[in-house]
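Let's take a walk through this structure, one neighbourhood at a time. Keep the viewer open as you read.

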Amino acid sequence: MLEQLNEKDFGTPKRISEQEVTLEIDGMQVTVAAGTSIMRAAAEGGVNVPKLCATDSLEPFGSCRLCLVEIEGRKGYPASCTTPAEQGMKVRTQSPKLQALRKGVMELYISDHPLDCLTCAANGNCELQDMAGVTGLREVRYGYDGENHLDSKKDESNPYFTYDASKCIVCNRCVRACEETQGTYALTISGRGFESRVSPGQDQPFMNSECVSCGACVQVCPTATLQEKTVIEMGQAEHSVVTTCAYCGVGCSFKAEMKGNEVVRMVPHKDGQANEGHSCVKGRFAWGYATHKDRILKPMIRGKFTDPWKEVSWDEALDYAAAEFKRIQKKYGRDSIGGIVSSRCTNEEGYLVQKLVRTAFGNNNVDTCARVCHSPTGYGLKQTLGESAGTQTFKSVEHSDVIMVIGANPTDAHPVFASRMKKRLREGAKLIVIDPRKIELVRSPHVKAEFHLPLKPGTNVAMLSSLAHVIVTEGLMATDFIAQRCEDKAFEQWRDFIALPENSPEAMQQVTGVSAELVRGAARLFATGGNGAIYYGLGVTEHAQGSTAVMGIANLAMVTGNIGREGVGVNPLRGQNNVQGSCDIGSFPHELPGYRHVSDSTTRHLFEQAWGVEIQPEPGLRIPNMFDAALDGSFKGLYCQGEDIVQSDPNTQHVTAALASMECIVVQDIFMNETAMYAHVFLPGSSFLEKDGTFTNAERRISRVRKVMPPKAVYADWEVTVQLANRLGYRMDYAHPSEIMDEIARLTPTFHGVSFEKIDRLGSIQWPCNDEAPLGTPIMHVDQFVRGKGKFIITKYVATDEKVTRKFPLILTTGRILSQYNVGAQTRRTENVQWHEQDLLEIHPHDAEERGIRDGGWVNIQSRAGDTVLRAKLSERMQPGVVYTTFHFPESGANVITTENSDWATNCPEYKVTAVQVMPVTEPSEWQKKYTRFSKVQHELLGKAALSSVKDESIA
Ligand code: SF4
Ligand code: SF4
Ligand code: SF4
Ligand code: FES
């Protein structure tokens, strides 16, 4: 789907109003929503008024004076960007006088601008150049060398864009983009007149300022002042293709601007329904991994994981993998092999892997990384509301009055949504943050949480129950909503339970560590403050009571009537780009596509007929069960597509021992990841730029992924799965991923109306999409819950087994950082390492002082599962007794420390609570030394010069 390189710019933002006004512009009648600017009204009518400081993603500013118009009956020449259209107005956008005025403005700009257009990076895409043309500028009376800033030094500190002050026309767009769109407030205009210039922070280089490199300023800059380095190197693109970001669950839409098969830049798509033209540093700039030299482009095999790899043809690799799987099943039985679906790959690819397991393998041993992140969301929301998914669109936050953020850090993990949320907070919505850490949202420019409840890790259920207790016992319940929409009996039982004194904030204070007064205040605000929306993340799910907490959140939404309309709802912030999709299309061992249990014979028969095989009625193995079975000797073969279980799953030593005991591990990935070091077959994967398909984001939004270049290793991932299935004796035959989606739609009621053609037509579709909702479902549970009546479920707090002791007196909790992404396989291969080149242990200064730990010093972190060594970062963001780290670098071994404790319902690991001791040290842990040796050996077995994922860092 080729798009125009430059989308139409209407100059000022769209206004929504039930009232319309009709005016005359250059003799033409135009009707627009009240509040629309004259500039936008003209553009909607097809007349483009010259402009420089206006752009339709920002509020008008009125500084350049290029957009002047004449209005009948009014004196002077008002700026069309700041003047609202009025009923009956008569406007002229062209006249000799206007032309002369605009020419005068342009003369001033050009007299202070270097005239190096032919060699300028923006040549061909420069609004200043365009306006010089539009205004008919032919001479500059003031000369060309005025006071221009030709000597100004370029700021090249940011790895992705430059700031060349000599080209700045001080239009202020960048400053406004940083404020309005991104919400970071990193830029100001310093100085006056000719001296004025854009300045990050206190005249600092971009990299030393508050800038988070979202790219919003670069996007709105009308000149080459702020310019992507790739454009400077490669020149302007010649075509563009709309696709979807392959990083997080926000699912931002981008235009891949291309020169032939090479990406010049990724520009957030204005019409993208998840991001509306905004981006973060990862999607906007960190795409270089896709063509990184570490990509493995040839299939490889080896007999044992200690043998050297041998490059082979695709045929040989696939024949070998199929023969090994057949041999293993013959020797150890049908259930001795399984597969892992990737939440990074497309829906179509995920669907094929689970189909391959259920047909060609003949069992249900299939699982996905949602096991380790949002499986409790699936379970908890299905039980209470009837559907395993979030209830809203991201846009819905624009209607929220109170926003509760629990166990999520959106500014780092879901940055584009965070910008949207911050905008609403700046407009006056109130914020409640429930998090052990003082995350950025608690206090950032123009945003301050009304309540921050810094609970102890592992006590979410206690906190949620005490919030509900206040609402129930103080008569703040939405009684009509509950009576009409929820199951009576379940509600009464829950109400009686939650009202027990043991659930009061006073009683729970001991457990949560948060004062009862704060909890009462937050509960009252949430129940009485208007539209209340809850956003939560892995800080809720990755606990022994993860599913219970999700149900507690659903209870809280129901008891306050905050479900089924704009501005409210239960909103899981999904981690990976397609984690929602991988769950939807049947990646769990107990569910067929559409969350239907394998024990349900009607569903099973539907798929049996379509697929022509018998499907096992019993759930298969979950990922942790696969590891246990491998160590027991009953699970011997694994097809692992696009997931690095060694780095991402808890208790690394347990995982590697399990993998080392297996006979055939087939890894399909773009890089030699940590899991591939234990593999016997390596099948090169394809990046998101190399294939067609769809991703489903946290809003249930299905968006197209479009191939912008041919697969570097010949095949897209879905084609490889097809070939493997065929070799295993199960016929798969698809000419294009759209046919796979057609099959999903045919077999899955919530997807009945989905097709590539419809997604292309509508831009994206939020499921359910079927006969009842042909255009999709932005908001769920509107008139009734998917399960009929909402069900309150009793959520009794049970303390985790992972308790602090004298030996392990601190609690370790883990999370992500903005610039890196999960296991880091992609972002570590980009310039994003400049922001975060190693994982650090954040520790409160008091805890550090007690242990003699200094900022930047090496510390050993020990749990009952293992130990590792990281550098310490002293941070007041932490509460005493709690330490924190990220897990983006394999050599950090963050998951060597995490334990096998897991959610009672779904086995989701309890990553967020590990009892540890932290001590200063001078050398790496034994595991790290072993890891370094093993990585080096694997590196040699690969026969490649260097793997950038392997760092040989010695500790001084
Ligand atoms: S850097 Fe660009 S957007 Fe910012 S003021 Fe200068 S010309 Fe305008
Ligand atoms: S890149 Fe983003 S955060 Fe940085 S200055 Fe520009 S708009 Fe602000
Ligand atoms: S917010 Fe997420 S989806 Fe959007 S650009 Fe960033 S990483 Fe990509
Ligand atoms: S575009 Fe209206 S004043 Fe600049």
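Start with strand β10, residues 239–244, which is mostly covered: six of its six residues are buried. Buried here means under 20% relative accessible area, with exposed over 50% and partly exposed in between, using a 1.4 Å probe and protein chains only. Strands (E, at least two residues) and helices (H or I, at least four) are DSSP runs, numbered from the N terminus. Both faces of β10 are covered, with His239, Val241 and Thr243 buried on one side and Ser240, Val242 and Thr244 buried on the other. Its antiparallel partner is β11, residues 253–259, joined to β10 by six bridges; two strands pair if DSSP finds at least two bridges between them. One of these links runs from Thr244 to Ser253 in β11.

Before going further, a word on ground rules: this is a predicted model, in which local features need pLDDT of at least 70 and side-chain atom pairs count only at pLDDT 80 or more, while totals for chains, interfaces and linings use all residues. Residues are numbered from 1 along each chain as its sequence is written, chains are lettered from A and ligands numbered from 1 in the order in which they are written, and side-chain values use heavy atoms, with hydrogens and water left out.

Now for the ligands. Around ligand 1 there are 13 residues, and Cys168, Cys171, Asn172, Cys174 and Cys221 come nearest; a residue is near a molecule if one of its heavy atoms lies within 4 Å of it. That shell divides into nine nonpolar, three polar and one charged. Nonpolar covers Ala, Val, Leu, Ile, Met, Phe, Trp, Tyr, Cys and Pro, charged covers Asp, Glu, Lys and Arg, and the others, Gly among them, are polar. Ligand 2 has a shell of eight nonpolar, two polar and no charged residues, including Cys178, Cys211, Cys214, Cys217 and Phe206. Around ligand 3 you'll find, among others, Cys245, Cys248, Cys252, Cys280 and Lys282. The elements giving two or more residues to that shell are α7 (281–285) and α12.

Phe206 turns up again in an aromatic cluster, together with Tyr160, Phe161, Tyr163, Phe285 and Trp835. The structure holds 24 aromatic pairs; rings of Phe, Tyr and Trp (its six-membered ring) pair if their centres lie within 6.5 Å, and planes under 30 degrees apart count as stacked, over 60 as edge-to-face and the rest as tilted. Take Phe394 and Phe417: their ring centres are 5.1 Å apart and their planes at 35°, so the pair is tilted. Phe394 sits in the loop between α10 (375–384) and β17 (402–406) and Phe417 in helix α12 (residues 415–426), so the pair ties together parts 23 residues apart in sequence. Phe394 counts as buried at 5% relative accessibility, and Phe417 is buried too, at 1%.

What about a buried lysine? Lys355 lies in helix α9, residues 347–361, and counts as buried because its relative accessibility is 4%. Its side chain makes a polar contact of 2.9 Å with that of Glu743; such a contact is a pair of N or O atoms within 3.5 Å, where within protein one must be able to donate a hydrogen and the other to accept it, and residues adjacent in sequence count only if both atoms are side-chain atoms. Leaving aside neighbours within four places in sequence, Lys355 is also in contact (heavy atoms within 4.5 Å) with residues including Trp611, Tyr730 and Tyr734.
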